[in-house]
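Hello,

I am passing a structure on to you, with some notes on what turned up in it. Have a look at it first, and then read on.

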Amino acid sequence: MRRGRQQNEQYNTFPDLSRATRSPPYHKSRYIEIVASHKGSLHAITSSRNLLITGGHSLKLWDPPSPHSRETVNLEGNNNQANDNEKVRAVIFAPGQTPADEGRYLWVAHQETSITIIDTRESRSKVLPTLHEIHTSPISFLLRYRNSEIWSIDDSGLLAVWDLADPRFPTYETYQISHNSTVATIYDSKLWLFGNRNITAYSITEGKSRIDTKCLQSVRLQNELGYITQMISLPYHPHRIFASHDNGKISVWDSQTLEKLQVITVSLYGICTMVSVGDFYIWAGYNTGMIYVYDTRFEKWVVLKMWKAHAGAVNHLTIDESSLILDKPGSTLTESDEKLLVISSDSNGVLHIWDGFLRDYWKDFQLSERSKEFSEYENIRTKICSWNIGANKPDRFSEEDESRIKEWLYDKEYPAIIAVGIQEIVDLESKKQTARSLFFKKKNDSTETEEVLTHRYKLWHDYLVRIMAELYGVDAYFVVKTDQLVGLFSCIFVRSTDREFISNVEATSVKTGLKVMNKSVHGNKGGVVIRLMYKDSSLCFLNCHLAAGQFHTKQRNADVECILQNAEFSPCNKFLSRFVHGGDGTYIFDHEYCVLSGDLNYRIQMERSEVMNLLKSTLSKEKIWIQLLSEDQLKKQYYVNPFSKLLSFEEADIRFDPTYKYDLHCNRYDQSEKKRVPAWCDRILFKGNDIQSLYYNRYEVMASDHRPISAGLIFQIKKVDMSKYNAIELKVDEEWKVYRRKYIQDRKAKYIDECYNCSLAKAYDCLKKANWDIDDAVNKLKSGI
């Protein structure tokens, strides 16, 4: 059993999201958008030497970053059987006989079965004679093979292999292969196709019979994988084919045996397209408009970036590294001219251009990894307090209640920060009041409600300030920030002696309560988020109230995802490594330390009688808690919901009884008609490096149906030495130049290896002799020098 479980875990894995940042990798830090404005859909894109091609009803040429097309080429031909809005099916730049010819001859496949060749180097693109009467069905794919051939495949399965000895007048051979393919690529001396739920690989042989149509391998795709949307290879993983699927999976196949080696469930959403960048990065475009970047070197893939790239589904991704490979070294080109571009397009015909180098991410990561070289660290103690007060007002508390509240707020070590989060500051169960406020609200009703809430917040603010003064002394702490959302109130206290260390304090909130047309319109649930800088470290405190109900786990998951995804702050100066993963403090996960607390409402997934019997049993408390926590809905998310952002948080060991639901003013669990199942609804979670947990307790205030909880945490706060930081930053800049130069040299060698059919060692040797001038290196290779 153990061996089988290990094999299954290796077979179906999930990516590591802990290092991901949501900041888009803009090229030259610029937002570049091109609206193709084709009549109908955008069917194809390609790019070479800063010339971008888009194909739809017509063919357009662009010079990015200009948003205006350089030229529109009207494609004439027999279009009797074609949809007039879908003339172009595929585009590709033909391989050049020399590096100087790369990006010159553009091949365009038409809906009505012909192929047009265009010379793009003319002042106005010159249309060369159209290739007719080869294909009888619409052409689906145009593929490059080394530096000498273009392969065209149509829907009927006719493959034409075009010899480009003379790129203007190519000759061809035809083969009959699988029909109705939806994906095609060439790798490892095989032509790979996917269609009709079959992966088929045809062997490519040298000599006259290039495609051996009898020598093929085929495998039927299992239903669990969904349809394949793209197949790619990565140099880092030899003899491997990576296939993306429309159900959020990426499968890995042995290119020699066609054995399925691994399945990575990367998302709950469909992957529309993907592209390999460099030796080991995969960029994946989703039907949600998101793009994710994966580092595939690790057993558990690492997500480096994920950002909302498009409003519609990302239908195309293409890479253009031609300027890196083909431009001469030592010319007047600057680093910014040596571009590694990734171009994406969506279902609306909108294109964006991204930095394929991920330059900013690379530098930020290097600085973060070396932060101990330019920072001094100290530990600070923090106390996190959370309580669902059940709409209580401070004047209702008995002396016993207030004594217990003081226990809840007190820490004899006088923490640097005390964060207090209160839920249900007003009655959220009044359905009549909620409905009236939503659908029959008058102006004076709204004003009255706001006045009531403002008064209630002030009552609690003043009460907390008084209790803190009684516990720690007058002026020992000051309120650095408060914020509220209907039902939620957050108040952050900072030790007065630490006032000078605090900066960039800001608050925001996210509603997740009642929804109309899928939008939250009433904040009866949600989150209040406060962030601050302590010296040169960033801290973020979340006070949340999630959806109630024994069986509403999915809604709770959706609520917390909404809060973590949508809470935004004003961006800060991201230098000095104040934030993580290249962030600038805009998002929650940009901050070094995050604490998420509140009435999260996750329940114990057992019958009430089972829970009560366990709590009353003679078993030790530890054994009781272990059994109950095994059915805790929040704990279970770590196994059943691998993409939950909650998984990046930790929680200290729970060593106290469930905090919900009690009858008021006693220690008896709910005896009302509903008889709710006891649960650990109230939780404190934390995220960050080297956080120490000091304690995690509940307190016996009986004024509410929840018990308050608190946690003691130690954060490692840094202070940056600017002179050391500047010195390290200069070193990182130099290391970046070395990294970039090595990348360019490797890509040049691989270009020569792939296009001119020589070994990598021979390619490197020729390039070194030519001082990395690729034209000179190719000439030396051809002349045998």
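A residue is called buried when its relative accessible area is under 20%, exposed when that area is over 50%, and partly exposed in between. By that cut-off Gly 349 is buried, because its relative accessible area is 9%. Please keep in mind that this is a predicted model.

Gly 349 sits in the loop that runs between β28 (341-346) and β29 (350-355). Which residues is Gly 349 in contact with, once its neighbours within four places in sequence are left aside? They are Ile 34, Val 35, Ala 36, Ser 37 and Leu 42. For Val 35, the separation from Gly 349 is 314 residues in sequence, while in space it is 6.1 Å from C-alpha to C-alpha.

Thr 659 is also in a loop, this one between α10 (633-640) and β40 (682-687). Thr 659 counts as buried because its relative accessible area is 0%.

**The nonpolar cores**

In soluble globular proteins, nonpolar side chains tend to be buried together. Here the largest nonpolar core has 46 residues. The members that touch the most others are Ile 417, Leu 532, Tyr 534, Leu 539, Phe 541, Leu 628 and Phe 715. Strand β42 (residues 709-720) gives this core its largest share, five residues. Another core, of 31 residues, lies apart from it and has Val 277, Trp 362, Val 720 and Tyr 743 among its members.

Not counting residues up to four places away in sequence, Leu 532 touches Ile 417, Val 480, Ile 492, Ile 502 and Val 505, among others. Its contacts also include Ser 503, Asn 504, Ser 537 and Ser 538, as well as Leu 539 and Phe 541.

**Salt bridges**

How many salt bridges does a search of the whole structure find? It finds 43.

- Asp 155 and Arg 89 form a salt bridge, with 3.4 Å between the closest N and O atoms. This pair links distant parts of the chain, 66 residues apart: Asp 155 is in the loop between β12 (149-154) and β13 (158-163), and Arg 89 is in strand β7 (residues 88-93). Asp 155 counts as partly exposed, at 22% relative accessibility, and Arg 89 is partly exposed with a relative accessible area of 22%.
- Arg 370 and Glu 373 meet through their side chains in a salt bridge of 3.3 Å, N to O. Arg 370 is buried, at 15%, whereas Glu 373 is partly exposed, at 42%.
- Glu 402 and Arg 466 form a salt bridge whose closest N and O atoms are 3.3 Å apart. This pair also links distant parts of the chain, with Glu 402 in helix α4 (residues 399-409) and Arg 466 in helix α6 (residues 443-472), 64 residues apart. Glu 402 counts as buried at 19% relative accessibility, but Arg 466 as partly exposed at 36%.

There is a network to look at too: salt bridges that share partners join Asp 279, Glu 321, Arg 747 and Lys 750.

Strands of a sheet pair through backbone hydrogen bonds, either parallel or antiparallel. Five bridges hold the antiparallel pairing of β3 with strand β4 (residues 51-55). For Ser 47, the bridge partner in β4 is Leu 52.

**A helix with two sides**

Which residues of helix α12 (residues 760-769) are buried? Ala 763, Cys 766 and Leu 767 are. These residues lie on the same side of α12, because they cover an arc of only 100° around the axis. Ala 761 and Lys 768 are exposed on the other side of α12. The cover over the buried residues of α12 includes α11 (722-756) and α13 (774-783). After α12 comes Asn 771, with a positive phi near 55°.

Technical notes. Residues are numbered from 1 along each chain as its sequence is written. This is a predicted model: local features need pLDDT of at least 70, side-chain atom pairs count only at pLDDT 80 or more; totals for chains, interfaces and linings use all residues. Side-chain values use heavy atoms; hydrogens and water are left out. A nonpolar core is a set of buried Ala, Val, Leu, Ile, Met, Phe, Trp, Tyr and Cys residues joined through side-chain atoms within 4.5 Å. Buried means under 20% relative accessible area, exposed over 50%, partly exposed in between (1.4 Å probe, protein chains only). Helices (H or I, at least four residues) and strands (E, at least two) are DSSP runs, numbered from the N terminus. Contact means heavy atoms within 4.5 Å. A salt bridge is a side-chain nitrogen of Lys or Arg within 4 Å of a carboxyl oxygen of Asp or Glu. Two strands pair if DSSP finds at least two bridges between them. The arc is that of the directions from the helix axis to the C-beta atoms.
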